Amino acid sequence: QVQLVESGGGLVQAGGSLGLSCAVSGSNFSLNALNWYRQAPGKARELVASITKGGTTNYRDSVKGRFTISGDNAKNTWYLQMNSLKLEDAAVYYCHCYARVPQGTASFWGRGTQVTVSS
């Protein structure tokens, strides 16, 4: 099994910065990709950023140039640095991964961390 625990959410003023962390634990798995999703009230969940085990990163257009995803598979800790935050960035942010497990590739989710942006 794989467990993901997000941390670092909180209240920040528009234009400010916030860093999120995702701790990955478990056994008998290898991470293929780590993703950050977010979901605002009344809106669909959306992919924010992703990183592969090879270090390739991708970002949603609306966060390009402002957010940075990073991490180390060996360290099992992954990050989302958010700069120049906007009101529209307020959401619950979820850590998600695809991991290779004995039965194949599976999807795992954290419980989320709240990011609130004030004007």
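Analyst: Contact, as used here, means heavy atoms within 4.5 Å. This is a predicted model, in which local features need pLDDT of at least 70, side-chain atom pairs count only at pLDDT 80 or more, and totals for chains, interfaces and linings use all residues. Residues are numbered from 1 along each chain as its sequence is written, and side-chain values use heavy atoms, with hydrogens and water left out.

User: Which residues does threonine 77 touch, not counting residues up to four places away in sequence?

Analyst: Threonine 77 lies in strand β8; strands (E, at least two residues) are DSSP runs, numbered from the N terminus. Its relative accessibility is 19%, so threonine 77 counts as buried, where buried means under 20% relative accessible area, exposed over 50% and partly exposed in between (1.4 Å probe, protein chains only). Leaving out residues up to four places away in sequence, threonine 77 touches Cys22, Gly71 and Asp72.

User: In β8, what is the bridge partner of serine 21?

Analyst: Two strands pair if DSSP finds at least two bridges between them. β3 and β8 pair in the antiparallel sense over six bridges. In β8, the partner of serine 21 is tyrosine 79.

User: Which cysteines form a disulfide?

Analyst: A disulfide is a pair of cysteine sulfur atoms within 2.5 Å, and the structure holds one. The sulfur atoms of this pair are 1.9 Å apart, and the residues concerned are cysteine 22 and cysteine 95.

User: Is the disulfide of cysteine 22 and cysteine 95 left-handed or right-handed?

Analyst: Cysteine 22 is buried because its relative accessibility is 0%, and cysteine 95 is likewise buried, with a relative accessible area of 0%. The torsion about their S-S bond is about -85°, so the disulfide is left-handed.

User: Is serine 62 buried or partly exposed?

Analyst: Serine 62 is found in the loop between β6 (57–59) and β7. Because its relative accessibility is 32%, serine 62 counts as partly exposed.

Key. Helix = DSSP H or I, 4+ residues; strand = E, 2+ residues; numbered from the N terminus.
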